[in-house]
Amino acid sequence: MSSRGYEPVIGIEIHVQLSTKSKMFCADPTTFDAGDNENVSPISAGMPGTLPVVNKKAIEYAIKTGLALGCEIRKKSVFARKNYFYPDLPKGYQISQYDQPICESGTITFKVDGVDKTVSITRAHLEEDAGKSNHSGDYTLINLNRAGIPLLEIVTGPDMRTPAEAAEYGRAVRQIVRYLDVCDGNLEEGSMRCDCNVSVRKVGAPQFGTKVEIKNVNSFRFVEKAIEYEIERQIDALERGEKIVQETRLWDPDKNRTVSMRAKEDAQDYRYFPDPDLLPLIVTEAMVEGFRKELPELPIARAKRFQAEQGLPEYDALVLTTEKALADFYEETAKESKNFKASSNWVMTELLRELNNANKDITDSPIKPKQLGRMVALIDNGTISGKIAKTVFQEMWQSGKDPEVIVKEKGLVQITDPAAIAKIIDEVLAANAQNVEDHKSGKKKNLFGFFVGAVMKASKGQANPELVNQILLEKLK
């Protein structure tokens with residue numbers, strides 16, 4: 001992408017909240033809906049004399065995420081103190097990782113407008129979150145429930161060149177951590193937050209421009225819009241002869257613009273040093289390999305398998321692998337029906353439409369995958385027609401009954417007896433004698449579809465469409 005002769009350079013830092021039951025360095029719970037300051041102990045309140053203890057599950061989740069991102073896992077990583085003052089950070093420092101993070105040097109590949117894009121992962125390090133300041137009139141109230149929440153900060157290289165790439169990168173990371181079940185990916189509740197580093201340079205220039213950080217963006221749509229705005233703002237400034245200031249800015253979605261928050265600190269301003277209360281984190285090869293074996297098939301690999309082994313189009317494969325639960329549902333349906341494409345069609349169209357209309361998740365579907373698979377099989381073995389299947393599907397959605405039960409109770413078995421279909425056709429043709437004459441004389445064209453529709457209606461949708469077409473062709477000669 002170039003705009004007015006300038007090229008954007010974009011890197012992203014995503015804070016992923018790990019789905020542990022307790023905080024990074026103490027046993028405080030991590031429940032989102034707790035009352036203010038309910039999940040706080042002397043450790044997360046930063047009281048003097050307290051000592052942190054590393055959360056083992058957070059280590060596991062960090063390693064699994066690093067492996068899924070193709071990272072190298074450090075056998076020895078170190079927790080450091082990142083010193084700065086925030087009113088909602090009582091200790092005056094944040095426990096993070098600095099020069100020896102647990103994961104580094106990975107890559108992630110995702111689709112942008114149908115084209116593969118690969119972005120480098122510089123590092124992914126563990127840290128604790130700060131608390132939250134709630135401003136009310138002349139007062140600011142501090143809620144420390146988030147203080148100590150375990151985060152994995154995933155940092156890319158400056159590899160993205162368009163706002164769309166940045167937004168798709170964020171969606172790809174969210175998809176992976178949800179597949180791994182290490183984060184719920186809920187941006188509205190702060191489970192993922194994006195810091196976007198944006199600079200511009202003249203096309204072909206070897207040096208990067210001065211980067212500006214847009215902090216705490218909580219929507220991938222806002223990531224795209226914030227970066228779009230920031231690119232244009234920086235180019236405007238440069239064309240006016242101004243210098244870009246290294247700073248942290250915030251995205252204002254109401255005004256559709258970024259606003260300055262503070263001058264950006266450099267690493268030395270944080271005076272990092274190894275936390276004396278925590279020993280270096282030692283990870284063995286056996287631990288890493290054990291976690292590697294527990295990794296699920298990841299979305300891109302699963303989509304490629306759906307295409308290669310099941311013959312699904314790329315579009316189907318990408319839609320079905322959007323969420324692990326959806327991919328699992330489709331695979332179980334197809335296993336039952338033994339018809340990959342038909343199963344894909346029913347899941348992607350009828351089922352997803354009903355779920356969207358009912359605002360339900362795939363895990364809440366009243367139709368279970370084996371039921372849907374058996375319904376697809378009923379179509380394939382000629383028990384019901386595709387048209388009747390839509391009636392069966394709706395009944396399954398409403399009642400949760402098995403398709404075989406519905407077909408039996410409603411008398412929906414497909415009519416496959418040629419003689420019975422011929423009798424229905426004769427009645428339809430007799431009732432439409434003038435149309436038959438017009439069709440045979442060529443006076444009116446395109447009446448064949450009219451007769452097919454009339455026969456299907458007369459049979460209440462139960463006539464086998466293929467036989468209807470065959471017999472009609474003979475009778476209309």
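## The annotated domain

UniProt, in an unreviewed entry, places the feature "domain: Asn/Gln amidotransferase" at residues 328-476; UniProt positions follow the numbering used here, feature names are shortened, and annotations may be inferred rather than shown by experiment. Over residues 328-476 the chain is 72% helix and 0% strand, with the end C-alpha atoms 48 Å apart. Helices (H or I, at least four residues) and strands (E, at least two) are DSSP runs, numbered from the N terminus.

A word on the model itself: it is predicted, so local features need pLDDT of at least 70 and side-chain atom pairs count only at pLDDT 80 or more, while totals for chains, interfaces and linings use all residues. Residues are numbered from 1 along each chain as its sequence is written, and side-chain values use heavy atoms, leaving out hydrogens and water.

Let us turn to the strands. Nine of them make an open sheet with mixed pairing, in the order β2-β6-β7-β10-β1-β11-β12-β13-β14; two strands pair if DSSP finds at least two bridges between them. The edges are taken by β2 (72-73) and β14 (257-263), each with a single partner strand, so one side of each has no neighbour in the sheet. Inside this order, β12 (residues 212-217) runs parallel to β13 (residues 247-252), and three bridges join the two. Here E213 stands opposite T248 in β13.

An open sheet of three strands has the order β5-β4-β15, with antiparallel pairing. Its edge strands are β5 (93-97) and β15 (273-274), each with a single partner, so one side of each is left without a neighbour in the sheet. Strand β4 (residues 79-83) is joined to β15 by two bridges, and the bridge partner of A80 in β15 is P274.

## A pocket and a cavity

On a 1 Å grid over the protein atoms alone, a cavity is a set of points where a 1.4 Å probe fits but cannot get out, and a pocket is an open set with protein on both sides within 12 Å along at least five of seven lines; lining residues have an atom within 4 Å of a point. Grid points are joined across faces, edges and corners, and a volume is the space filled by probe spheres set on the points.

The second largest pocket holds about 920 Å³. Its lining counts 32 residues, and F110, K111, A172, Q175 and I300 lie nearest its centre. At least two lining residues come from each of α1 (56-68), β6 (103-112), α2 (163-180), α5 (299-310) and α6 (314-320), with α2 giving the largest share, seven residues. By class, this lining has 16 nonpolar, seven polar and nine charged residues; Ala, Val, Leu, Ile, Met, Phe, Trp, Tyr, Cys and Pro count as nonpolar, Asp, Glu, Lys and Arg as charged, and the others, Gly among them, as polar.

One cavity of 30 Å³ or more is counted. The largest cavity has a volume of about 50 Å³, and its lining residues are S44, D88, L89, P90, K91, E128, D129, A147 and G148. Three of the lining residues are nonpolar, two polar and four charged.

## Two residues with positive phi

Most residues other than glycine have a negative phi. D113, not a glycine, has a positive phi of about 55 degrees. D113 sits in the loop between β6 and β7 (115-128) and is exposed, at a relative accessible area of 75%. Buried means under 20% relative accessible area, exposed over 50%, and partly exposed in between (1.4 Å probe, protein chains only).

N216 also is not a glycine and has a positive phi of about 55 degrees. N216 belongs to strand β12 and is partly exposed, with a relative accessible area of 38%.
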